[in-house]
Amino acid sequence: MPPPADIVKVAIEWPGAFPKWSLTNHEYYALQHADSTNFYITEKNRNEIKNGAILRLTTSPAQTALQLHERIQSSSMDAKLEALKDLASYSRDITFAQEFINLDGISLLTQMVESGTERYQKLQKIMKPCFGDMLSFTLTAFVELMDHGIVSWDTFSVAFIKKIASYVSKFPSDIAILQRSLAILESMVLNSHDLYQKVAQEITIGQLIPHLQGADQEIQTYTIAVINALFLKAPDDRRQVSWEMANILAQKQLRAIILQYVIRAQRAINNEMAHQLYVLQVLTFNLLEDRMMTKMDPQIRDIIFELRRIAFDAESEPNNSGGNVEKRKSMYTRDYKKLGFINHVNPAMDFTQTPPGMLALDNMLYFAKHQQDAYIRIVLENSSREDKHECPFGRSSIELTKMLCDILKVGELPSETCNDFHPMFFTHDRSFEEFFCICIQLLNKTWKEMRATSEDFNKVMQVVKEQIMRALTTKPSSLDQFKSKLQNLSYAEILKIRQSERMNQEDFQSRPILELKEKIQPEILELIKQQRLNRLVEGTCFRKLNSRRRQDKFWYCRLSPNHKVLHYGDLEESPQGEVPHDSLQDKLPVADIKAVVTGKDCPHMKEKGAKQNKEVLELAFSILYDSNGQLNFIAPDKHEYCVWTDGLNALLGKDMMSELTRNDLDTLLSMEIKLRLLDLENIQIPDAPPPIPKEPSNYDFVYDCN
């Protein structure tokens, strides 16, 4: 009779013990994993112990915490350094962290940072490596302890903040100290409103910019993360009006440095850097939200008159003297109609809808002033056409601005998982306005190509959106390159693309083709299944998301080549390639998997305080296995989510139901059918098979081969 599923065989090692040993004070000892994590075994995580696991008997978390609490206060520099190194390692374990924090360990570390630095600096010249390592381990332990969320960030003094901020400027050559200092500043800003105000007083963009000019991408990433955190947590009034960050983000220096030293550097941009650039892009565009949600302001009349003056070389202010008031009103109404406003009498009423509000009028004025020739040409071209064929500049600008705000998600908070930044938006100080200028000219060009009338307005806008989206997916490196991409996406080209896509769907609807599809579909599904399993064998690096910091928490999971075991384990940093099986300490037999759940059904999405935003829910999935065990995932993107859920379902003998599988199936089926029908090109395939002829009256024509 096999043993119960909740009973496993383990090996216990006790370093330094004799072959025959016994325990006297049981409460002084505990078990921990013998792998690189060294995490303690508790009632909460005992179900994670695998059959055949090697455990280590060691001092209990309370005893270890007490010993380290004493050792880090040693007068010996060497002893203190070794103790801090051990503390940095042990602090990753929440059980130890709780015990160390109960001893007021956080306060001890902050006091060491606040008061001990001056004393250490005196020794820095003669023992610089020791000093740097000591401070690095102290800050690492502090970051790991705070990451558990046990202690509030609101408890730290101004002296501690000043000291951490000083490391950003005074220790630029020590990468470890700088990296951890930036991480602490980011967490302070994100987790405490009071600390945000104190950090904002201590850190300036001028102190952060030099770190963007270095060669270390990790430091650059943490630097942009601090900028994003300060920007994200700034009060709305400071963010929109007087806050220094908003002004600096609009200046050329920061943008140009990011473009030169980050985006156009001779190295690949990793996922974390791509995420931070995406966040910066979103937060920068969110500066437009105030104007986007403003219906009308006192300057609207002056702006409209300026648009009229530039287009028709007229006076910007009307002359109210004289008796030709009606004549002037008639002239203004005529001009406003030529400008394409819906309300010819009072164009200000066109801007009462939010979004896009006053942002649309700002874009129109920017276009009129910075690309005056193109603006005048568009207005005069359309004013000389027949009424039904004119492209209304005013209405088009309003709807286009609304569309661009929707495409760029202006006003929405950045996603925790998205890496979708566009390099071209970092090439110009007024990138949104320049984006609008390119797109409004595209709209006018497409209108002419479609020979549209006023009834076709919505159709034109749909085509323009498709042109913009297709060009953006190519990730152009500059606005000029984006403009070139649009030149190749004329209305005729869009029609060809649509026709090709439609033909791929419609050409294969005849009965013989449908029967052929049905016959070869199992082969295609098997091919997709093997591809998914091969991807699981390669493995994926997943990120551990939490509410405090995004960086530094990685783990890797991959399927064994025989498809029988999942190997997984924590990583110190994101890997550049595949992670070998032997470096992943934890295992989960596929035979033990009971179910795969997704979204809101995942245990980690039901936990108190779990992130419930839509993006994370769409990327969450969990493996449920014996003894109420669970392995929780948050995929790096939608593609990896589909690959893993498909692969896991395939391992369990279930159907692969993801959107990626449906798309792959359609694509591969279409390709396979086209290949099989190459010999029948230009031959009409009948909807029904030809009739079977009548039997012959005799079979005399049959030849006997024997």
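A residue is called buried when its relative accessible area is under 20%, exposed when over 50% and partly exposed in between, with a 1.4 Å probe and protein chains only. Helices (H or I, at least four residues) and strands (E, at least two) are DSSP runs, numbered from the N terminus. Two strands pair if DSSP finds at least two bridges between them.

The model is predicted: local features need pLDDT of at least 70, side-chain atom pairs count only at pLDDT 80 or more, and totals for chains, interfaces and linings use all residues. Residues are numbered from 1 along each chain as its sequence is written, and side-chain values use heavy atoms, with hydrogens and water left out.

Strand S6 (residues 565-571) is mostly covered, since five of its seven residues are buried. Contact means heavy atoms within 4.5 Å. Apart from neighbours within four places in sequence, His567 has contacts that include Tyr556, Cys557, His581 and Asp586.

S6 pairs with strand S5 (residues 554-559) in the antiparallel sense, and S6 also runs antiparallel to strand S7 (residues 586-589). S5 and S6 form a hairpin with five residues between them, and His563 in the turn has a positive phi of about 65 degrees. In general, strands of a sheet pair through backbone hydrogen bonds, either parallel or antiparallel.

| Strand pair | Bridges | Opposite residues |
|---|---|---|
| S5 and S6 | six bridges | Tyr556 and Gly569 |
| S6 and S7 | four bridges | Val565 and Pro589 |

Three strands form an open sheet in the order S8-S9-S10, with antiparallel pairing. Strand S8 (593-598) and strand S10 (629-634) stand at the edges with a single partner strand each, so one side of each has no neighbour in the sheet. On average, neighbouring strands of this sheet are turned by 15 degrees against each other, direction ignored. Helix H28 (residues 638-651) packs on the sheet and touches S8, S9 and S10; the direction of H28 makes about 25 degrees with that of S9. For such angles, axes are lines fitted to C-alpha atoms, for helices over the stretch in contact, and angles run from 0 to 180 degrees between N-to-C directions.

**Helix H17**

The expected span of a helix is 1.5 Å times one less than its number of residues. Helix H17 (residues 325-338) has 14 residues and should span 20 Å, which agrees with the 20 Å between its end C-alpha atoms. The buried residues of H17 are Arg328, Tyr332, Asp335 and Tyr336. They lie on the same side of H17, because they cover an arc of only 100 degrees around the axis. This arc is that of the directions from the helix axis to the C-beta atoms. Helix H16 (300-312) is among what covers these buried residues. Glu326 and Lys327 are exposed on the other side of H17. Just after H17, Gly340 takes a positive phi of about 85 degrees.

**Glu412**

Glu412 is in the loop between helix H20 (393-407) and helix H21 (431-450). Glu412 is partly exposed, with a relative accessible area of 42%. Leaving aside neighbours within four places in sequence, Glu412 is in contact with Val282 and Asn286. The C-alpha atoms of Glu412 and Leu283 are separated by 8.8 Å, although these residues are 129 residues apart along the chain.
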